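Biologist: I am new to this structure and would like to go through it with you. Could you put it on the screen?

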Amino acid sequence: MLNGIAPYRINGRVRRCHGHLLVAEGLSDLVGLGDTCWIEQRQYNSHECCADAKSLLAEVLAIDEAGVHLLPFDRLDGIGIGARVVVARDQERICPSEAWLGRVLDAFGRPLDGGQPLPLGPASYWLKAPPVEAHRRRDLGARLDLGVRALNLFTPCRQGQRMGIFAGSGIGKSTLLSMLARHSDADALVLGLIGERGRELAGFLRQGLGPEGLARAVVVVATSDLPAMVRRRAAYFTLTIAEALRDRGRRVLCLFDSLTRFASALREIHLAAGEPPTSRGYPPGVFAELPRLLERAGPGPGAGSITGLFTVLVEGDDPSDDPVADAVRAILDGHIVLDRRTAEAGRYPAIDVLRSLSRVAPECYGGHERVLVERARRLMRAHADAAELIQLGAYRRGGDPLIDEAIRVRPALEALLAQAIGERSTIGADVDRLAAALGSDAGAGAD
């Protein structure tokens with residue numbers, strides 16, 4: 001007889017609606033921050049002149065004497081005073097599966113690709129689980145072939161490393177992500193498209209990612225028109241899927257676009273919770289929450305790892321003047337900077353090699369490769385420092401042997417750094433091409 005009894009539910013009632021926030025009574029002693037609740041929502045049927053009850057998911061943002069403050073994951077249409085509120089802690093866990101590879105999902109695990117409902121995996125994961133403790137993490141793994149020459153040579157990446165891709169709008173972040181998704185030698189991809197423009201999504205999946213890339217990827221999407229709570233949930237959903245694949249021994253490459261839009265969603269949420277704006281309008285809670293997401297990428301206690309590449313949309317093309325970019329750069333293990341002038345000159349990917357850095361690069365290079373890379377960087381720096389004199393014709397050959405050599409090899413280095421979207425490179429071939437570029441006579445007569 002007991003099996004036939006429905007499980008009990010904890011109920012409260014909406015007592016106030018304020019902006020996007022709801023205040024519920026009767027739950028203050030029963031829920032905590034971060035818990036989720038279902039709120040009764042009325043939808044009116046004009047044909048039958050009746051109202052049907054539906055439920056709206058919301059999260060607890062604050063608790064005070066007035067009651068429990070809830071921020072919904074959708075619009076507040078149909079919510080009224082006295083609407084029933086039911087605690088729903090089952091929404092805080094998900095069950096990812098390797099069968100999700102090749103699928104496109106929303107922030108709640110619902111398919112967006114028109115396919116069948118997703119099968120559940122054998123283990124459940126907390127959506128906002130804490131990162132693996134530092135003492136339980138394995139060291140970074142072997143060098144990961146990213147399939148992009150400029151990155152393989154000048155910002156090499158190890159399995160489990162976390163890197164930022166910093167760029168202004170329209171410089172080629174999505175193109176670079178497409179190349180990484182197609183050409184890297186990771187076992188599985190997890191793509192989080194947070195705040196993406198809806199019109200670009202289909203094009204990215206068809207042309208940018210392509211059938212081969214999509215076949216080994218799980219794509220989580222929350223477009224820019226969705227509420228801030230959905231965009232934040234999609235970010236945590238992305239890292240949770242990556243953790244599940246990592247725990248199954250996979251070498252996961254997590255591509256996250258973008259941290260800036262994730263931070264914008266956090267700003268809306270923390271301001272709604274009553275936090276004061278501080279740095280460029282961002283409340284302190286934003287900068288406390290960023291590392292909780294980013295630290296979930298990295299090596300795990302087992303054989304698997306999550307290599308994270310996170311894009312940061314920089315206002316005014318200057319990372320030093322952006323509080324989100326500054327905070328992210330301090331957390332990650334390196335940064336890749338895309339340069340607008342390089343993109344305008346027609347060289348893609350528009351990676352500024354001199355401003356980009358991988359903190360594990362010394363551990364990736366062999367002796368011969370290190371010598372080549374250091375020489376190439378030295379020559380590119382010499383040319384950059386003398387660029388104005390060269391362009392004005394004020395520099396004369398023979399004035400500085402280093403600048404003379406930099407002028408000679410520059411066309412070959414620029415050709416080396418340029419790469420078409422569909423062109424895959426490998427680390428060994430990249431080193432050979434760099435050696436050939438540095439020893440080439442190409443452009444010897446160019447000033």
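Biologist: To begin, in which strand is S305 found?

Modeller: S305 is found in strand β17, residues 305-313. Strands (E, at least two residues) and helices (H or I, at least four) are DSSP runs, numbered from the N terminus. Please note that this is a predicted model, in which local features need pLDDT of at least 70, side-chain atom pairs count only at pLDDT 80 or more, and totals for chains, interfaces and linings use all residues. Residues are numbered from 1 along each chain as its sequence is written, and side-chain values use heavy atoms, with hydrogens and water left out.

Biologist: Is S305 buried or exposed?

Modeller: S305 counts as buried, at 6% relative accessibility. Buried means under 20% relative accessible area, exposed over 50%, and partly exposed in between, with a 1.4 Å probe and protein chains only.

Biologist: What is S305 in contact with?

Modeller: Leaving aside neighbours within four places in sequence, S305 is in contact with Q159, G160, R246, R250, R251, V252, G298 and P299. Contact means heavy atoms within 4.5 Å.

Biologist: Let us step back. How many helices and strands are there in the chain?

Modeller: The chain has 13 helices and 19 strands. Its C-alpha atoms fill a box of roughly 90 × 50 × 45 Å, taken along the principal axes. Of the 447 residues, 52% are buried. Among contacts between residues at least 6 apart in sequence, 73% join residues at least 24 apart.

Biologist: Why is strand β14 largely enclosed by the rest of the structure?

Modeller: Strand β14 covers residues 217-223, and seven of its seven residues are buried, so the strand is largely enclosed.

Biologist: Which residues of β14 are on each side?

Modeller: A217, V219, V221 and T223 are on one side, with V218, V220 and A222 on the other, and all of these are buried. In a regular strand the side chains alternate between the two faces of the sheet.

Biologist: How many bridges join β13 to β14?

Modeller: Seven bridges join β13 (residues 188-196) to β14, and the two run parallel. Two strands pair if DSSP finds at least two bridges between them. The bridge partner of V190 in β14 is V218. Between β13 and β14 the chain passes through helix α3 (residues 198-215), in a β-α-β crossover that is right-handed. Right-handed means that, with the strands pointing away from the viewer, the path from the first strand over the helix to the second runs clockwise.

Biologist: And in which sense do β8 and β14 pair?

Modeller: Strand β8, residues 103-105, pairs with β14 in the parallel sense over three bridges. L105 has V220 as its bridge partner in β14.

Biologist: New topic: how many aromatic pairs does the structure hold?

Modeller: It holds six aromatic pairs. Rings of Phe, Tyr and Trp (its six-membered ring) pair if their centres lie within 6.5 Å; planes under 30 degrees apart count as stacked, over 60 as edge-to-face and the rest as tilted. W100 and F237 form a stacked pair, 6.2 Å centre to centre with 10 degrees between the planes. This pair links distant parts of the chain, 137 residues apart: W100 is in the loop between β7 (93-94) and β8, and F237 is in helix α4 (residues 228-247).

Biologist: Are W100 and F237 buried or exposed?

Modeller: W100 is buried, with a relative accessible area of 4%, and F237 is buried as well, at 1%. Another pair, Y282 and F287, is edge-to-face, 5.9 Å centre to centre with 65 degrees between the planes. Y282 counts as buried at 6% relative accessibility, whereas F287 counts as partly exposed at 25%.

Biologist: What sits over the ring of Y282?

Modeller: The charged end of R267 sits over that ring, 4.2 Å from its centre. The criterion is NZ of Lys or CZ of Arg within 6 Å of the ring centre and within 35 degrees of the ring normal.

Biologist: Lastly, which residues of the largest nonpolar core touch the most other members?

Modeller: Of its 56 residues, these are F154, L180, V219, L413 and L434. A nonpolar core is a set of buried Ala, Val, Leu, Ile, Met, Phe, Trp, Tyr and Cys residues joined through side-chain atoms within 4.5 Å. A second, separate core of 54 residues includes A107, I194, L293 and V314.
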